[in-house]
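I opened the model to see what could be read from it. My notes follow in the order in which I looked things up.

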Amino acid sequence: MPGPNVRDEDALNAGLVLDVVRTILADVIGEDYVSVIEIGPETSFQADLEIESIELVALGEQLQERYAHVDFAGWLSTMEVDEIIAMTVGDLVDHITTTAQEQVSRETEVHGG
Amino acid sequence: MADLVVRGVRFNVVRLGPSAHAQQAPEVPPDPYRDGRRPVVFLHGLIMDNLSSFYYTMAPAVAAKTDTVLYDLRGHGLSERPMEGYRIEDGVDDLVGILDALGIDEPVHLVANSFGGTIALATALRRPERVAGMALIEAHPAFSGWGQEVIEDLLDLISGFDGPGIRDYLATEAPRTLRRMVKTCEELVIVSSMGEDLPASEPTDPDRLLAVACPTLLLYGENSDIIDRAFVLEESIAGSELVVVDGCSHALLMENPKEVERRVTAWLDEQARVALAEEIGAASR
């Protein structure tokens, strides 16, 4: 029985997802501006990281490559720009783990448990 | 998201499409016009703008139905900022180069905002075989003298940064986003050749626009400061259709993104429906 792939299992672990998000953020924003160590679930994209809208797109696209189950563009388009900018790193991590959990549940149903 | 090197410049390109997530949304009914659709390319505005203004608004809705490309123009967003190549003709060549690099050789629909519309109109004139149609939001046609006017306005804006205390504020407390915005503006307008290139670009005057043959949707805000261009474009371009949105200014895309999305996606549907009907008609003859 084909189970969820390894990448999806990684996506269920909030700690691992946070590490991935941290690494990509440091790459997108530049490590001289943001220290990987300082990024946590409470970190706000706007207030703490002062992220630019185009950098958030780059973050989403890189996460998209890493977590194929998440439609980042579609998810972001359901929010107002103000909501997107007010997000925390934890909100993003939650979205990735929640959608991964939903996918695993769906696959379990399909494959009869 | 991928970097593409075109004409010696690294471009930030995002390609979205219907295939990636189609299987996740079984509730979405099949698209009756699918075979009539063309790829869509989004073109953003000048200086402060980048592909995110479409990525956050209508791009996902468009990408649900067709192959969709967004990119940061030369010098903008996360694309490279070379010191030259800012004539409108360069913008056309960059666009065609990106399409070539992506292997898109069929004509595309251009969806453009403001200065993106300047490039779209020039593309329809210079490379008509690459353009199936245009949805132009608050387009700035490059009428004679337009480039000079734009640069003078930008220089005025930049001279404002020299007001009392502003440089100090930018160097110390100003948010990173504002500092970056000022830097982008100064680098493009003063340091790069944009200041000379835009005024030296070949104009797209109303008499030349008579040659635009593709279907064109014109969207303008009721209170736009460039609404006069809307009427000139409507008169010059035979296949054009003008929609004026109530209560909006030149910032139409940001002020009423849902209405712009509704108008543009309905227009794209109509283009696909017509293309499909023509195809079926041709096949049955």
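Before listing any sheet I noted the rule for pairing: two strands pair if DSSP finds at least two bridges between them. I also noted that this is a predicted model.

**Entry 1**

The hairpin of S1(B) and S2(B) has 2 residues between the strands. In this hairpin Arg7(B) takes a positive phi near 55 degrees.

I then followed S2(B) to its pairing with strand S4 (residues 68-71) of chain B, which is antiparallel and has 4 bridges. Here Leu16(B) stands opposite Thr68(B) in S4(B).

**Entry 1: the whole sheet**

In what order do the 8 strands of the open sheet in chain B come? I wrote down S1-S2-S4-S3-S5-S6-S7-S8, with mixed pairing. The edges are S1 and strand S8 (240-245) of chain B. Each of these has a single partner strand, so one side of each is left without a neighbour in the sheet. I also noted the twist, which averages 25 degrees from one strand to the next.

Two helices that lie across strands went into the notebook.

- Helix H4 (residues 88-102) of chain B lies across S1, S2, S4 and strand S5 (108-113) of chain B, and runs at about 120 degrees to S1(B).
- Helix H5 (residues 115-126) of chain B lies across strand S3 (40-43), S5 and strand S6 (131-137) of chain B, and runs at about 150 degrees to S5(B).

Is Leu110(B) buried or exposed? I counted 27 other C-beta atoms within 10 Å of Leu110(B). The cut-off for a buried residue is 20 or more, so Leu110(B) is buried.

Leaving out residues up to four places away in sequence, I found that Leu110(B) touches Val41(B), Leu43(B), Ala120(B), Thr123(B), Val131(B) and Met134(B). For one of these I looked up the distance: Leu110(B) and Val131(B) are 21 residues apart in sequence and 7.1 Å apart in space, C-alpha to C-alpha.

**Entry 2: the nonpolar core**

In soluble globular proteins, nonpolar side chains tend to be buried together. The largest nonpolar core in this model has 97 residues. The residues with the most contacts inside this core are Ala59(B), Ala112(B), Ala120(B) and Leu136(B). I followed up Ala112(B), again without residues up to four places away in sequence, and its contacts include Leu43(B), Ala120(B), Met134(B) and Leu136(B). Ile119(B), Ile137(B) and Ala139(B) are also among them.

**Entry 3: chain B as a whole**

I counted 13 helices and 8 strands in chain B. With 285 residues, a compact globule would have a radius of gyration near 19 Å, and chain B agrees with its 19 Å. Its C-alpha atoms fill a box of roughly 70 × 45 × 40 Å along the principal axes. Of the 285 residues, 42% count as buried. Among contacts in chain B with a separation of 6 or more, 75% are between residues 24 or more positions apart.

**Entry 4: chain A**

Chain A has 6 helices and 0 strands. Its radius of gyration is 15 Å, close to the 13 Å that the globule rule gives for 113 residues, so chain A is as compact as a globular protein of that length. The C-alpha trace of chain A spans about 50 × 30 × 20 Å along its principal axes. Buried residues make up 33% of chain A.

I looked up Gln103(A), which is found in helix H6 (residues 89-110) of chain A. Gln103(A) has 19 other C-beta atoms within 10 Å and is partly exposed. Gln103(A) and Glu52(A) are 51 residues apart in sequence and 31 Å apart in space, C-alpha to C-alpha.

**Entry 5: where the chains touch**

How many residues does each chain give to the contact? Chain A gives 15 residues and chain B gives 18 residues. On the side of chain A, the elements with two or more residues are helix H3 (53-66), helix H4 (72-77) and helix H5 (81-85) of chain A. H3(A) supplies the largest share, 6 residues. The residues on this side of chain A divide into 7 nonpolar, 4 polar and 4 charged.

Key: Residues numbered from 1 in each chain as written. Chains lettered and ligands numbered in written order. Predicted model: local features only at pLDDT ≥ 70, side-chain atom pairs only at ≥ 80, totals over all residues. Rg over C-alpha atoms; globule rule 2.2 N^0.38 Å. Buried ≥ 20, exposed ≤ 12 C-beta atoms within 10 Å, placed from the backbone. Contact = placed C-beta atoms within 7 Å. Nonpolar A, V, L, I, M, F, W, Y, C, P; charged D, E, K, R; others polar. Core = buried A, V, L, I, M, F, W, Y, C linked by C-beta atoms within 7 Å. Axes fitted to C-alpha atoms, helices over the stretch in contact; angles between N-to-C directions.
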